[in-house]
Amino acid sequence: MEERAPRQPSHRRSGAASRLRSRTFRRARGVIIAVCAAALAVAVGAGVLSAAQARPTAAVQAGSVTDSQTSVSTSDGQVAALPAAGAIDAELDARINAIIDANSEYQLGVALVDLSDGADATAVHEYGVQAAFVAASTAKVLAAEAYYHLVETGNASLEDPLGAYSAEFQLQALIQQSDNDSWSLIMDAVGHQELTDYAASIGVDYAPTRNTLTPAEMARTLAALYSGTLLEPGHTAQLLSYMQDTNYESLIPAAVPAGITVFHKYGLLGGQLHDAGILARDGRAYGLVIYTKGAGLGSVPERTEVIHQVTTAVVAALF
């Protein structure tokens, strides 16, 4: 179903209540997700998630390479430095650009950032259209981050009532089910100007009234979250857990083989079809944002295939 644009601030809650009551089955699943979130929190604390700083700097243009290295201990006890496997290099740049060039009937923007331990999470590689797109529901990640920030600064609680349910319930519905009523409730709780100010504080130019982001800005939003520098470990883990097993797994996740963990948020609105994800395995992680724009919904199958092609190229090169 095509998504709606976010509503303006409103105090009417009846719509949220009626829609959310129909999904009470998620209460049981929430217990499972809570367990997963706790496990992720332990991983954050142990340093499995990258500790790379997510500073708001200008994005690196296409073709730039982050030359990170890893080290191994040899039999004689010496430490030898080896080039990191799966670097974002000129060959991968060429593959992504070739896919974009072969689908010139669409507007395509791709951003890729290395979130692995020791990598520079500020070095965003950009391909295709680098201007802002209507972000559709990918921006819900930013709204969720802003609400968690309110919680961490003592200005809100996950137990606060929003509509007929708690803020925690609305955050899960917002991300995992892409619920637009939950989006409106969360944005009302944060405040539209406050959300703009929060986005600016992490280097992102965002206003709910226009709901636009560049692929690089969305990549920085993911990088800040996954690095563990944006939110407290428990909130980081909870939000990431909501970005799994969502109501729309046919984009980036469908092109990722078993064994690679995917956290993502899709967007579908009019001519916009997007996915913004984090791919992780064995200490390596990458933020991948693919924004597409066509004439309407008729080209969704073709653009889904483009998203699969880009994802496949990234996975083949980096994992």
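Before I list partners, a reminder to myself: two strands count as paired if DSSP finds at least two bridges between them. I also note that this is a predicted model.

Entry one, the strands. I looked up β9 (residues 261-269) and found that it pairs with β10 in the antiparallel sense, over 9 bridges. One spot I checked was His-264, which stands opposite Gly-277 in β10.

Strand β11 (residues 284-293) runs antiparallel to β10, and 10 bridges join them. Here I picked Ile-278, whose bridge partner in β11 is Gly-287. β10 and β11 form a hairpin too, with 2 residues between them; Asp-282 in the turn has a positive phi of about 50°.

Why do I call strand β10 largely enclosed by the rest of the structure? Because 9 of the 10 residues of β10 (residues 272-281) are buried, and buried means under 20% relative accessible area.

I checked the length of α4 (residues 140-152): at 1.5 Å a residue its 13 residues should span 18 Å, and its end C-alpha atoms are 18 Å apart, so the two agree. I jotted down that α4 is mostly covered, with 11 of its 13 residues buried. Among them are Leu-142, Tyr-147, Tyr-148 and Val-151. Just after α4, I found Gly-154 with a positive phi of about 80°.

Methods: Residues numbered from 1 in each chain as written. Predicted model: local features only at pLDDT ≥ 70, side-chain atom pairs only at ≥ 80, totals over all residues. Heavy atoms only, no water. Buried < 20%, exposed > 50% of the residue type's maximum accessible area, 1.4 Å probe, protein only. Helix = DSSP H or I, 4+ residues; strand = E, 2+ residues; numbered from the N terminus. Expected span 1.5 Å × (residues − 1).
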